[in-house]
Amino acid sequence: MKQKIILLALLLISVLAAPAENYPYRSDYLFVTVPDHADWLYRTGEKARISVEFYKYGIPRNGKLKYAIADDMLDDDVSGTVELKNGRAVIDAGTRRTPGFRDIRMSVEVDGTTYQHHIKVGFSPEKIQPWTKEPSDFMDFWNKSIADMHSKPLSYTRELAKEYCTPKVDCWLIKLNTYRSYSVYGYLFMPKDAKVGSCPAVLCPPGAGIKTIKEPLRHKYYAENGFIRLEIEIHGLDPRLSAETFTDISHAFNTGATGYLESGIDNRDRYYMRHVYLGLVRAIDFLTSLPEWDGRNMAVQGGSQGGALSLVAAALDKRVTQCVVNHPALADMAAYSEKGRTGGYPHLNKMGGMLTPDNIRTLAYYDVVNFARHISCPVYMTWGYNDNTCPPTTSYAVWNTLVCPKEALITPVNDHWTSEQTEYGHMVWIKKHLK
């Protein structure tokens, strides 16, 4: 395993952040939290100490720093206070006796406002193993489902999307029939005047939610570097619909226990994600049918839900030759059913009554950790430790399950984001590993 550890002690994110972001953009305040191990990792039984600095307007401030410590994504089990003196304090974060992560959650009140921050440190994470077990007929189920889908021929429409064409890149809007009556839309990018048999292909599945294909040109550098790239959605919704329409649809069909990730969850044949997973194979059918495809290289790349779907595609379709993943979702989803275990997005433990025996049986057929062990192509995976959407515990559960050639870029300070530089690096990695 090749691991590149990036420790960023002082960070102000250069993109607009959501309120839950650990380092808000253009903020008056800044927490600087530095573990006494540079890579933020400890052996089980080893004690961790966290140096904390708090600044407002760049000036160190004093105050009572409250902290609570918990296992990753679980309830606090330790709490205390320390005094910030000249803006500085040290928290004794204790240890773990089992492999996993501890989350140190802190707050301080200054000038009548409470400021919050957190940091996660790992204990022997290379020993984390998934709770989810693979069903004995796991690949039989998926191979039969793929064969059923392939009983119907490939069918799609292709329309030039002039608004996303550039002097170097052509773009088309694709509507691809996938499984039974389902379809997906996607934007297909290709180098202008691409020659027959000249282009490696990249499939990019989306993150979670019901939404348009955001900023289709944000990854135009793939086509500018000679790639065919298909960015898809998974719900059969035309990405040209208005933002208001997508919001209305999301409110109607993706709220709480009525969301698409919960739809049909009690039965593996009816679960919503069945057609999504099969649609990945159909999208690869489409890309590999294009005359411009080089006939050798078929990559998948995505983050969060898109990272999960990339891993699924790599496991289900041996035409995939490179797989690049950010903080994958849908990993060890049912682990919460065991007390003290950390599970993955969509965190079904937060919805009462979802982790029933029937639902857990279904999830095993859709959990990314069970796909991970069936991947044979090289995987490049990146994740952060402060992530509360796709927690580091489940990223390690995936990583430790992979038995294929693999490389990791671990960025401890990140929560649920990747930088533009990291995103561009994904393309560079794929290019480096072309056949």
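A pocket, as the word is used here, is an open set of grid points with protein on both sides within 12 Å along at least five of seven lines. That sets up the first close-up; every view comes from a predicted model.

**View 1. The second largest pocket holds about 210 Å³ of space.** There are 14 residues in the lining, and those closest to the pocket's centre are Arg96, Pro99, Ile128, Arg341 and Thr393. Sort the lining by type and you get 4 nonpolar, 6 polar and 4 charged residues. How does one find such empty space? Rolling a probe the size of a water molecule over the atoms shows where it is left.

**View 2. Helices α4 and α5 cross at roughly 65°.** Here α4 covers residues 273-289 and α5 covers residues 305-316, and their axes come within 10 Å. As for its hand, the crossing of α4 and α5 is right-handed. On the α4 side, Met273, Val276, Tyr277, Leu280, Val281 and Ile284 make the contact; α5 brings in Leu309, Val312, Ala313 and Leu316. What kinds of residues meet here? The contact has 10 nonpolar residues, with no polar and no charged ones.

**View 3. Tyr345 and Pro346 are joined by a cis peptide bond.** Omega for this bond is about 20°. To find the spot, look in the loop between β17 (322-326) and α6 (357-364), where Pro346 sits.

**View 4. Arg26 has a positive phi without being a glycine.** The phi value is about 50°. Arg26 lies in the loop that runs between β1 (2-5) and β2 (29-35).

**View 5. Zooming back out, the chain has 9 helices and 19 strands.** Its C-alpha trace spans about 70 × 50 × 45 Å along the principal axes. Does the overall size point to a compact globule or away from one? For 435 residues, a compact globule would have a radius of gyration near 22 Å, and the chain has 22 Å, so the two agree.

Key: Residues numbered from 1 in each chain as written. Predicted model: local features only at pLDDT ≥ 70, side-chain atom pairs only at ≥ 80, totals over all residues. Heavy atoms only, no water. Axes fitted to C-alpha atoms, helices over the stretch in contact; angles between N-to-C directions. Helix = DSSP H or I, 4+ residues; strand = E, 2+ residues; numbered from the N terminus. Left-handed = near helix turned anticlockwise from the far one by under 90°. Contact = heavy atoms within 4.5 Å. Nonpolar A, V, L, I, M, F, W, Y, C, P; charged D, E, K, R; others polar. 1 Å grid on protein atoms, 1.4 Å probe; cavity = no way out; pocket = protein on both sides within 12 Å on 5 of 7 lines; lining within 4 Å. Points joined across faces, edges and corners; volume = space filled by probe spheres on them. Rg over C-alpha atoms; globule rule 2.2 N^0.38 Å.
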